[in-house]
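Open the model in your viewer and keep the selection tool at hand. The stops below are meant to be taken in order.

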Amino acid sequence: MVARLPSDPAPPLSRGRTTAIVVGLLLGVLLAALDATIVSAAIRTIADDLHGLSLQAWATTAYLITSTLTTPLYGKLGDILGRKPMYLASITIFLVGSVACAASTSMVELAAFRAVQGAGTGGLISLALVIIADIAPPRQAAKYQTAFVSVFSTSNLVGPAVGGVLAAQASILGIAGWRWVFLVNLPAGAAALAVVAKALHSRHQGQRQRHRIDWLGTVTITIAVVPALLISSEGPEWGWASPAAFACYLASVAGLVAFLLVERRMKDAALVPLRLFRERSFLLACLATLLVGVAMLGAMSLFPQYFQIVKGTSATTAGLLMIPVMAGLTVSSGISAALIARTGRYKIFPLIGIALMSVAMALFCLVGVDTPLVGSEACLAVFGLGLGLSIQPLILTAQNTVPAADVGVATSLSTFFQQMGGIIGASALIAAVFGGVVGKIGDALRVSLADPGYQAALRSGSGVNATLAQAVRAGTTDEFIGRVLTDSTFIQQLDPRLARPFLVGFSSSITTGFVLGLVIVVGVVLMLFVRVRPLATAIEPAGVEVTSPIARIPTVELTVPIPRVDWPRHELDRPAAVPFRWFQPVLPGGMAIIGAVERRGGGGLSGVTLTLIDLMGRQVDQYRTVEGGRFGLAATAVGTYVLLASAPAFQPRALMVPVASRPVSLQLVLNDGDGVEGHLSGRLPDDVPDSRPLPNVVQLSESKNRHIRRVADEAS
């Protein structure tokens, strides 16, 4: 058998083409990010015009359900069918849904068409991140992914203002102003469609004939997720302990159990391959992303409530007061991306970022009625800095811990976990706030009633103040306080002295939500156990990453008889797997060879013995792959080594691997052996410097970890 190194890397994309692709992807991300904020600002006007105010929540819920559900599906289909066709399909679906929404004549129609829009949105964000990973090595991809964070920040600031302006117009070019909330998507969407179609040539077209789509998994995850999203949206109205709520809880749990059983049976063809979660770093990164989503959406939901109710600002002002979060996020994400590209280190950033978010969440717990705005703004800035250091590096961590063939589904899962954490976490925090607000206001009111000054203010009041005084005399204060659950604007109409118990109660209840948000501290602990895998600096067309500075390595052929391997008949006779090692803290200068071993046609190979020897025939390191086929070998010095890979029923493989001061990342493919014994045969090429024959240069390793030395004579 002749063992060859992977083919030469494909020439990198030109700067112009890369820029064009990134611009097209940014336009798609802008569509997804801007649409949600624009519609949220205009939904009240839309509902009034379509005479469906009571149904307005369903327009948002339908969009949320389909966008969340399709996120992992797009990732899997992108791995199978290719990124480009799936990304173009997601833009097209989104634009069709936008036109349909603009033509809606009822809230029922709008909800249905918003579901179509959401089905397109699910791919706009996750596939954009995957495509960036395809066209740029991880160390450079961080720079581009930071641009997406900036787009999100800008959308959150600009979107509500744009939506409000469009909704306020009676007519634009003969079309109702609110309909332009959806029509405004068409120019940007058409531009994104044209740019991506022309500039992007997918490097990962998948293997249609070898994979099938996991439709049953799609159905079961729908059963699991839809009830969870429904109760998160409708829980405050239904009641968290109502029969409808319990029905959602049971359906969600049943769907989750069914989904796990289906995915286990589908194995590599699963919508969410469960083997990915056997990789510790991937699992920890997803859980940390979930917690970041909880903290992010929780804070972004509660602080506007604090500004509007406790501080008495308008909705627009409350939105502007969230600028420190966006500013901090943009600055820190840009800094982290630059440092990742320069140093290749990424674990430290989410570790610091989640720690900053934890500190900010603890500071949020101290924010009260009398806290000056400058204090709360400083806390939000710290939170934004932590958020910017966490979001993109966590996605990069998930991408960097899976084989190249799974990058799409890994990225989508990371996005999915962030969405689910945000939705369910924010709902839980808001439920905790409004579930206890009546009692906390009541406690504050009882304390105030003992103050003679408060009693005097009650006696001299009129309007809403008089209504409160009457409720106090009649002992019906709980009913009066309960009005805040449906309309809190009356608080601003109260005398400031009479309003203070309401403000104190609201502030105390919001603090309860922030206390629950301290669960983000767990993310710091999770990140401590994430293994570091060096980031690649170049990408091979087949997904093989090369980090060595030596661009071209000559083909080397070795002549060695391969003995038959007598494998034990009983599982108990097999040697124990060597503990998995990604991070080698004692390696001088990062001299390591890492990667994965796969069978022809895809799929990681466990039980493969990899032996690293130097050119004097001395064994340097050995590793036996476990689940997923991943391996890590340590070199002792800079130089050229022979890497041997062997496994029962597979043809062995031998590679000459140059190791420099940076880790080398390889993806090895073993062919089926079909029971044939063979030889590794050949010679050193004439153009290799110092290519004289060397004795004692080859050492083979059986899969049973017994070593067989073959000595080459001087004429070899």
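Predicted model: local features only at pLDDT ≥ 70, side-chain atom pairs only at ≥ 80, totals over all residues.

Residues are numbered from 1 along each chain as its sequence is written, and side-chain values use heavy atoms, with hydrogens and water left out.

**Stop 1: salt bridges**

A salt bridge here is a side-chain nitrogen of Lys or Arg within 4 Å of a carboxyl oxygen of Asp or Glu. The count by this rule is 5.

Select aspartate 35 and arginine 114. Their side chains form a salt bridge with an N to O distance of 2.7 Å. Aspartate 35 belongs to helix α1 (residues 15-49) and arginine 114 to helix α4 (residues 107-135), so this pair, 79 residues apart, links distant parts of the chain. Helices (H or I, at least four residues) and strands (E, at least two) are DSSP runs, numbered from the N terminus. Is aspartate 35 buried or exposed? Aspartate 35 is buried, at a relative accessible area of 1%, and arginine 114 is buried too, at 3%. The classes are buried under 20% relative accessible area, exposed over 50% and partly exposed in between, with a 1.4 Å probe and protein chains only.

Next, select aspartate 443 and arginine 446. The closest N and O atoms of this salt bridge are 2.5 Å apart. Both residues lie in helix α15 (residues 407-449), 3 residues apart, which is about one turn of the helix. Aspartate 443 is partly exposed, with 42% relative accessible area.

Then select aspartate 495 and arginine 497, whose side chains meet in a salt bridge at 3.2 Å, N to O. Aspartate 495 is partly exposed at 23%, and arginine 497 is partly exposed at 48%.

**Stop 2: a nonpolar patch**

Show the surface and select Val331, Ile335, Leu339 and Leu385. Together they make a nonpolar surface patch of about 300 Å². Patches are made of residues with over 30% relative accessible area and no salt bridge; like charges are joined within 9 Å, and nonpolar side chains (Val, Leu, Ile, Met, Phe, Trp, Tyr) within 5 Å. Accessible areas come from the Shrake-Rupley method with a 1.4 Å probe, and for residues only the protein chains shown count as cover. Which helix gives the most to the patch? Helix α12 (residues 323-343) does, with 3 residues. Isoleucine 335 is in helix α12 and is partly exposed, at 46%.

**Stop 3: glycine 368**

Select glycine 368, in the loop between α13 (348-364) and α14 (373-400). Glycine 368 is buried, with a relative accessible area of 15%. Leaving aside neighbours within four places in sequence, glycine 368 is in contact (heavy atoms within 4.5 Å) with Tyr306, Lys311 and Ser507.

**Stop 4**

Show the strands of the open sheet of 4 strands, which has the order β4-β3-β6-β7 and antiparallel pairing. Two strands pair if DSSP finds at least two bridges between them. At the edges stand β4 (619-624) and β7 (650-659); each has a single partner strand, so one side of each is left without a neighbour in the sheet.

Finally, select β3 (residues 609-613) and β6 (residues 639-647), which pair in the antiparallel sense over 5 bridges. Which residue of β6 is the bridge partner of threonine 611? The partner is leucine 644.
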